[in-house]
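Here are my notes for you, point by point. Keep the model open while you read.

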Amino acid sequence: MTDDRDRPLHAPRAAAAGGPGLFVTFEGGDGAGKTTQASLLDDWLRDRGRDVVRTREPGGTDVGVRIREIVLHHRGHIDPRAEALLYAADRAHHVETVVRPAIARGDVVIQDRYLDSSVAYQGAGRVLDADDVRALSLWATDGLLPDLTVLLDLDPAAARRRLDADDKPFDRLEAEKEDFHTRVRTAFLTLAAAEPERFLVLDATQPAEALAQRVRDAVAARLG
Ligand code: TYD
């Protein structure tokens, strides 16, 4: 076996948590329905007596809430490397203080967004290399990958119609142009194709209950 210390920084080890718990992440563009599906899964697991930790990035800790405020609501430009580091800093603290302890207790962690969002969004600006962004997150989290990642795939034009129907003001990323969101979508699909065992890709235009059933089946299979 290779000693992890021999690996260069650009090739950190990556592994699912391997604890008694389970780490499930939801990914997709803004407006794809991640929060709805995370809630439905949460209810289903609690009905079955599982302890669940619902969390999100950015902003799953007190430190993270402050980072979230900067990355989503800072007025004006943030240098792309600085932005990637802010998301990675949020992730490092969150994984160490919330996610790993929960998995070690045997809980199911249901999380809105994780490192795939960094690769898709920070990589989609065309400034940063996707492999660098992924390596940064893997370093930040000491290589933690989810047991299951549900990708809710939605055409950006349809997503925009859903967001327009909401009254909430747009954050910095939601306000990006449509071609940016198209690159984000393509990046997510490319990530999913590279790791078919980790990803469950769902068509987000399907009814919520049908999607929830697919998610439950994938989670049940991993809970054994
Ligand atoms: P999210 O919390 O899903 O926003 P909302 O509650 O408004 O749906 O995500 C916030 C934004 O942060 C989203 O546009 C994607 C972006 N993001 C990144 O760019 N990189 C990251 O690593 C993460 C986790 C999120």
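1. By class, how many nonpolar, polar and charged residues does the shell around the ligand have? There are five nonpolar, three polar and seven charged ones. Here Ala, Val, Leu, Ile, Met, Phe, Trp, Tyr, Cys and Pro count as nonpolar, Asp, Glu, Lys and Arg as charged, and the others, Gly among them, as polar.

2. Some ground rules. This is a predicted model, where local features need pLDDT of at least 70 and side-chain atom pairs pLDDT 80 or more, while totals for chains, interfaces and linings use all residues. Residues are numbered from 1 along each chain as its sequence is written, and side-chain values use heavy atoms, leaving out hydrogens and water.

3. Now look at the helices (DSSP runs of H or I, at least four residues, numbered from the N terminus). At least two shell residues come from each of α2 (62-73), α3 (80-105) and α4 (115-124). The largest share, four residues, is supplied by α4.

4. Next, the polar contacts (pairs of N or O atoms within 3.5 Å). An oxygen atom of the ligand lies 2.8 Å from a polar side-chain atom of Arg113. For Asp30 the distance from such a side-chain atom to a ligand oxygen is 3.0 Å, and for Tyr87 it is 3.3 Å.

5. Finally, find Ala89 in helix α3. Ala89 is partly exposed because its relative accessible area is 38%, between the cut-offs of under 20% for buried and over 50% for exposed (1.4 Å probe, protein chains only). Its C-alpha atom is 8.2 Å from that of Gly64, 25 residues apart along the chain.

Key: A polar contact is a pair of N or O atoms within 3.5 Å; within protein, one must be able to donate a hydrogen and the other to accept it, and residues adjacent in sequence count only if both atoms are side-chain atoms.
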